[in-house]
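Please keep the model open beside the text while reading.

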Amino acid sequence: QVQFVESGGGLVQPGGSLRLSCAVSGSIFNIYAMGWYRQVPGKQRALVAAITSGGSTNYADSVKGRFTISRDNAKNTVYLQMNSLKPEDTAVYYCNLKAQRTYYSTVLDYWGAGTQVTVSS
């Protein structure tokens with residue numbers, strides 16, 4: 001089983017900053033990538049940012065230049081530094097893990113429970 005500990009969400013004013021963190025643990029053989037997705041009611045979950053085990057990153061166009069994803073491989077933890085937050089960044093943010101549970105298993109997606117980020121004055 002894979003466990004997630006997400007933290008850092010909350011209420012912030014426009015222009016403010018938040019830092020999300022997500023630590024994973026459990027029966028994991030190999031991590032390929034970790035990242036953050038977000039979802040608002042009535043819309044599909046969408047990629048915010050992701051980082052591979054080698055350090056390659058990918059960002060949604062809407063957050064480029066404002067958000068930074070980083071990772072501590074030793075702690076199996078991913079961080080999302082969010083600056084210059086806008087009301088349209090309001091969403092539930094979900095931690096994503098792409099990993100193999102065993103040597104023989106395929107790479108699957110695993111999800112945290114989500115953390116609410118609200119940007120409002």
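1. In this note a residue is called buried under 20% relative accessible area, exposed over 50%, and partly exposed in between, with a 1.4 Å probe and protein chains only. The model is predicted, so local features need pLDDT of at least 70 and side-chain atom pairs count only at pLDDT 80 or more, while totals for chains, interfaces and linings use all residues. Residues are numbered from 1 along each chain as its sequence is written, and side-chain values use heavy atoms, leaving out hydrogens and water.

2. Both Asp-89 and Arg-38 are buried, and their side chains meet in a salt bridge at 3.0 Å, N to O (a side-chain nitrogen of Lys or Arg within 4 Å of a carboxyl oxygen of Asp or Glu). Asp-89 lies in the loop between strand 8 and strand 9 and Arg-38 in strand 4, so this pair ties together parts that are 51 residues apart in sequence (strands are DSSP runs of E, at least two residues, numbered from the N terminus).

3. Asp-89 also meets the side chain of Arg-66 in a salt bridge, at 2.8 Å, N to O. Arg-66 is buried, with a relative accessible area of 10%, and Asp-89 is buried at 1%.

Note on methods. Helix = DSSP H or I, 4+ residues; strand = E, 2+ residues; numbered from the N terminus.
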